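Dear colleague,

I am handing over a structure to you today, and I would be glad if you could look through it with the notes below beside you.

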Amino acid sequence: METKLKVFRAMRDITQEELAQAIGVTRQTIISIERGNYNPSLELAFKIARHFEVKIEDIFIYR
Amino acid sequence: MVVGLDASTYWKYQMIATGAMGLLLGLGFQQDNKILIVTALVIGASSVLYLRRQVEEPLYDERSAVVSMKASAAAFSAFTLLSLAAAAVFFYLGNTSNPEYLQWSYGLAFIVCAIMIIRLFFWIYYTRRYGG
């Protein structure tokens with residue numbers, strides 16, 4: 001799965017730490033998702049998408 | 001007084017507290033000093049609990065849970081396979097050299113069977129819980 005989380009984060013100018021705190025996960029989880037090492041659960045993907053006010057498929061692309 | 005810890009500082013302090021507790025416990029058991037054992041347990045556990053309450057960010061999340069599950073599964077497989085291999089070696093040694101090894105062999109095989117049965121029990125429980 002491909003992710004554009006880093007792009008969205010850069011567009012909104014928020015740090016990994018801030019995003020992690022906003023959605024209630026550790027910074028390591030954000031790092032892992034951005035690097036593509038970890039695929040978030042559906043619930044976490046929804047939380048991330050909701051935080052950026054976009055659809056899940058705008059951030060996570062299944063290939 | 002420690003207030004407003006971040007996760008990485010918490011893990012460092014927790015390691016120090018746990019290490020100190022382990023050291024004191026070891027010393028207590030070595031000297032058969034029950035007061036030292038109880039004191040180490042109480043102070044160690046309460047300081048870890050206190051530190052945990054000072055952390056302002058999540059320490060565990062779904063990724064930690066996945067990592068933990070995978071580590072547990074790998075540990076289970078490694079333990080059962082290594083124990084079965086050791087049981088087979090002890091069984092061979094028991095039949096060829098010293099019969100005492102047979103007890104080790106049966107003991108290990110029994111432990112592996114018990115763990116497999118416990119795993120089966122939890123497998124059935126979680127399969128029903130998640131509607132399989």
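First, the conventions. This is a predicted model, in which local features need pLDDT of at least 70 and side-chain atom pairs count only at pLDDT 80 or more, whereas totals for chains, interfaces and linings use all residues. Residues are numbered from 1 along each chain as its sequence is written, chains are lettered from A and ligands numbered from 1 in the order in which they are written, and side-chain values use heavy atoms, with hydrogens and water left out.

Confidence

The model scores ipTM 0.86 and pTM 0.75. Within chain B, confidence is highest in helix α3, at a mean of 95, and lowest in helix α2 (residues 34-54), at 90. Helices and strands here are DSSP runs, numbered from the N terminus, with helices being H or I of at least four residues and strands being E of at least two.

The interface

How many residues of chain B are in contact with chain A? Seven residues of chain B are in contact with twelve residues of chain A, where contact means heavy atoms within 4.5 Å. The area buried between the two chains (the accessible area, with a 1.4 Å probe, that two parts lose on being put together, summed over both) is about 800 Å², and carbon and sulfur atoms give 49% of that area. Across this interface the rule finds zero salt bridges, a salt bridge being a side-chain nitrogen of Lys or Arg within 4 Å of a carboxyl oxygen of Asp or Glu.

Salt bridges

Over all chains, the structure holds three salt bridges. In one of them, the side chains of A:Arg63 and A:Glu2 meet at 2.7 Å, N to O, and this pair links A:Arg63, in the segment after β2 (60-61) of chain A, with A:Glu2 in strand β1 (residues 2-3), 61 residues apart. A:Arg63 is exposed at 68% relative accessibility, while A:Glu2 is partly exposed at 33%; buried means under 20% relative accessible area, exposed over 50%, and partly exposed in between (1.4 Å probe, protein chains only).

A:Glu34 forms a salt bridge with A:Arg9, with the closest N and O atoms 2.4 Å apart, and here the link runs from helix α3 of chain A to helix α1 of chain A, across 25 residues. Both A:Glu34 and A:Arg9 are buried, and the relative accessibility of A:Glu34 is 15%. Not counting residues up to four places away in sequence, A:Glu34 touches A:Thr3, A:Leu5, A:Lys6, A:Arg9 and A:Gln16.

A:Arg27 forms a salt bridge with A:Glu17, the closest N and O atoms being 3.7 Å apart. Because A:Arg27 lies in helix α3 of chain A and A:Glu17 in helix α2 of chain A, this pair ties together parts that are ten residues apart in sequence. A:Arg27 is partly exposed, at 32%, and A:Glu17 is partly exposed as well, at 31%.

Aromatic rings

The structure holds nine aromatic pairs over all chains. Rings of Phe, Tyr and Trp (its six-membered ring) pair if their centres lie within 6.5 Å, and planes under 30 degrees apart count as stacked, over 60 as edge-to-face and the rest as tilted. Why does the pair of B:Phe90 and B:Tyr101 count as stacked? The ring centres of B:Phe90 and B:Tyr101 are 5.6 Å apart and the planes stand at 20 degrees, so the pair is stacked. B:Phe90 is in helix α3 (residues 62-96) of chain B and B:Tyr101 in helix α4 (residues 100-129), eleven residues apart.

B:Phe90 also pairs with B:Trp104, with centres 5.8 Å apart and planes at 35 degrees, so this pair is tilted. B:Tyr101 is partly exposed, at 31%, whereas B:Trp104 is exposed, at 55%. Elsewhere, ring pairs link B:Tyr10, B:Trp11 and B:Tyr60 into a cluster.

Two loop residues

A:Asp13 has a phi near 55 degrees, a positive value in a residue other than glycine, and lies in the loop between α1 (5-12) and α2 (16-23) of chain A. B:Asp32 likewise has a phi near 55 degrees, and is found in the loop between α1 (7-31) and α2 of chain B.

With best wishes

Technical notes: pLDDT is the predictor's confidence in each residue, from 0 to 100.
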